[in-house]
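Please keep the sequence and the model at hand while reading.

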Amino acid sequence: MSDWKRAVPTIGALAAVLTFLLNRLLEAVHLMPLAVASREAAIVDSAFAAVLRIDVLVFSVVIAALVYIVAFFRADSGEGARFTHSPGRLVETVWLAFSCVLTFGLAAYGSEEFLALRGDRRADVDVQVKAVQWSWDFSYPAYGATPATMILPRGKRARISLSSDDVLHALSIPAFRLKQDALPGRVTTLYVTPLLVGRYEIVCAELCGLDHTAMSSTVEVVEPEEFEARLKGDTW
Amino acid sequence: MSDLLRALAAFAVLTAGGGWALGFLVPLEAGITSAYLAGLLAFLWLAGGGRAMLDWVDGAHTEHAAADWTRFVRFTLDHKVIGVQYLAVSMVVLVVAGLMALIMRAELAAPGLQFLSHDRYNSVMTMHGIGMIVVALTAIVGGLGNYVVPLTIGARDMAFPRLNALSFWILPPAVLLLLAALANGSMDTGWRAYPPLAVRGDWGKLLFLLAFITAGFSSIFGGVNTLTTVWTMRAKGMTLRRMPIFAWSMLAAGIIMVMATSVVAASLIMTVSDRALGTAFFDAAGGGTALLYQHLFWFYSHPAVYIMILPAFGVILEILPVFSRKPLFGYGLAAGSFLGIVVLSFLVWAHHIFTSGMWDFLKIPFMILTELISIPTGVVFLCALGTMWAGKLRLRAPMLWTLGFLVHFLVGGLTGIFLADVPTDIHLHNTLFVTAHFHFTIVGGTIFAFFAGFYYWFPKISGRMLGEGLAKAHFWLFALGFNAVFLPLFYVGARGVPRHTADYPPEFAVPQLVASVGAFAAAFGVLAFFVNIWRSARSGPAAAADPWQAKTLEWTVSSPPPPENFAREPEVSETPYSYGEA
């Protein structure tokens, strides 16, 4: 068992260094969109950060073990291959127990975040979105308005109802971290509470034929007073 | 050779001409479908299936084809020849679909449109997708599987040699039909062919669907054969516990091939029916629903990734003991995990469609079940690390690719958690993050394992060794190029750029350019691979029966093995992993 006395601290140190470096690198790169423009975006970002931390840790431990193995257990190291079947059961059990805990932990955390993300089904504003090859039509039945871009009031919960007249499309707003398919023959819904005033991109995230690449639009988040004024007036 | 040419001519004339002529009598697509079925049958009959069938009717023995190279272009029942034929077809498709990837990466090297239209981009992308799916499903399973499985379990051939020939010979017409699909109309659906898009547009899409169905049947036949072969044809004394782990993985994959592929075939046939017969399975206006297709499709297509990856697990766990000089660690656990993956693979399909419009609370069980798969998959890593631990590693080409598999598949698996987790998936779904993730699992997993297995078994198949220098060049160019393509795409995708698009915002110019350069580097790696095979065929040193000092049965016979494999039926009295005593 002299292997383990050297191996465990070496692999542990290597894994710690790798974890540190990777976390630094990923912070610098910043994988998610820079704008956190909705209540939902904050939830998704925290879920993403949590999974990323676990991933980096698992990745570092496995890679550290691999590096150690490749460095120290080479054919030219002079010794014959040694093996014993006795520690197998223990290692197997520990590994399985560890992966079960990790998996169920992730699943529980994911379920909780999902319920938070889903939020309640009550809304202050109703927006209807009709997707057609290859553009988006927005309408606000309560105001009888059909602006060229989607307009949402900051801090209010919006219900976005989606439908399609032709093929599948998906309304994707990366700044909100939300996405929902639009299907012909039925209405799907999306709930969002925008938190940050600004203009954000809408893209189509379901392959919808020829000009799928160009099927984009804009969502404008404005203060509630401005929202009322613009939808009641003609300034859209 | 002349059989093959005659068969191809009959196929082309009947399918094209017959489709055109029938189009005057019945709806065009119904005509094309019927003509294609006739063309396919004529092709099979003329390619040599007719003779084999008549021999069978007469109770006569179908002779093995001649011993020279022409046997590889003939209809034969020999599993070793069929294995090589599968390898050849999958490598041709790899090159074609790989060129499609290069065209896409050249287009995406800079923002804006360079030389493709949206239309052409969509077509190239669809062909790359379906082509690589064919490669991932046939290179290991059809190629290495056909060649190695009977040898490694001590059998003379597959359980059903005629079925084996059938499952191979319907593949080339399917590949030709796929290429022909480009001739008419744009292929703008991607390989998944979701209706309603797949039901709209010109008959090129019909050819695509028919080709997909044909390839599906090829896979079903292959699955039945593999399953039966491993279950019933093992040598005397080879109990389940003494079975090589690659055979275990093929057994597991065979179960999925039989049980899942028929479901995708059904959904594709329903799509063809919507097009050709005017039914409305997926048409909301006629009372159908587009979402039904996605459920049926992923009920197959998620298990399908395990048809790709289980044999890959088998390959690397077969190679590791040989190049570590140690018994396989956790053999029983690994075999059990394969079966666990088979069961779980059927219970996770809806994680592909979290944003498609399914009931909200159904997402939770699918998330949990999906994450459960990480437990049996993690076992493969445990077995790999445990096998290498305190071993005497020989870093030859097969081992290098195996280590590459472990690193890249680890990234593929870990990034999958973001897509199983509902909150993060809603943001990441259908972005380039998904593209990067599945390339890390399928290329980083299946293709790395395929190359590992290819370098490992090539001496057995050809009787010649491959050059180690070119193998290393292949590995490093491919591995570095591959990472250069897909690591940046994780970033671009997480920032919200959707996939399936011919363009992207200018702020992502740098990572996209890196990805394009990486693709060409990886392509040069593949070029080194083919140069290596060509040089080995011309002047490679002869391979001994057992060049790697391995202990499974295929290494007990000459390289290449004689017809019918074993002069005397082998008898097995221990596991094939008894290394390390010396």
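The second largest pocket has a volume of about 1200 Å³. A pocket is an open set of points on a 1 Å grid over the protein atoms alone, with protein on both sides within 12 Å along at least five of seven lines, and lining residues have an atom within 4 Å of a point. Grid points are joined across faces, edges and corners, and a volume is the space filled by probe spheres set on the points.

The model is predicted: local features need pLDDT of at least 70, side-chain atom pairs count only at pLDDT 80 or more, and totals for chains, interfaces and linings use all residues. Residues are numbered from 1 along each chain as its sequence is written, chains are lettered from A and ligands numbered from 1 in the order in which they are written, and side-chain values use heavy atoms, with hydrogens and water left out.

The lining of the second largest pocket has 47 residues, and those nearest its centre are B:Phe72, B:Val84, B:Gln85, B:Ala88 and B:Val89. Two or more lining residues come from each of several helices of chain B, among them H1 (2-22), H3 (79-107), H4 (118-152) and H17 (509-539). Helices (H or I, at least four residues) and strands (E, at least two) are DSSP runs, numbered from the N terminus. H3(B) gives the largest share of this lining, 13 residues. Domain 1 (1-57 + 69-75) and domain 2 (76-556) of chain B each supply at least three lining residues; the domain bounds come from an automatic or database domain assignment.

The structure also holds 3 cavities of 30 Å³ or more. A cavity is a set of points where a 1.4 Å probe fits but cannot get out. The largest cavity is lined by 28 residues, and B:Leu137, B:Thr138, B:Ala215, B:Ser218 and B:Ser219 are the closest to its centre. H4, H5, H6, H7 and H8 (245-276) of chain B each give two or more residues to the lining of this cavity.

The table lists volumes and lining residues by class.

Chain B as a whole has 17 helices and 0 strands. Its radius of gyration (taken over C-alpha atoms) is 23 Å, close to the 25 Å that the globule rule (2.2 Å times the number of residues to the power 0.38) gives for 582 residues, so chain B is as compact as a globular protein of that length. The C-alpha trace of chain B spans about 70 × 60 × 45 Å along its principal axes.

The loop between H6 and H7 of chain B holds B:Ala193, a residue other than glycine with a positive phi near 50°. B:Pro196 is found in the loop between H6 and H7 (204-232), and a cis peptide bond with omega of about 5° joins B:Pro195 to B:Pro196.

In chain A, 4 strands form an open sheet with mixed pairing, in the order S2-S1-S4-S7. Strands S2 (135-139) and S7 (188-192) of chain A stand at the edges with a single partner strand each, so one side of each has no neighbour in the sheet. Two strands pair if DSSP finds at least two bridges between them. S1 (125-132) and S4 (158-164) of chain A pair in the parallel sense over 7 bridges, and A:Gln128 has A:Ser161 in S4(A) as its bridge partner. The loop between S1 and S2 of chain A contains A:Trp134, which a cis peptide bond with omega of about 0° joins to A:Gln133.
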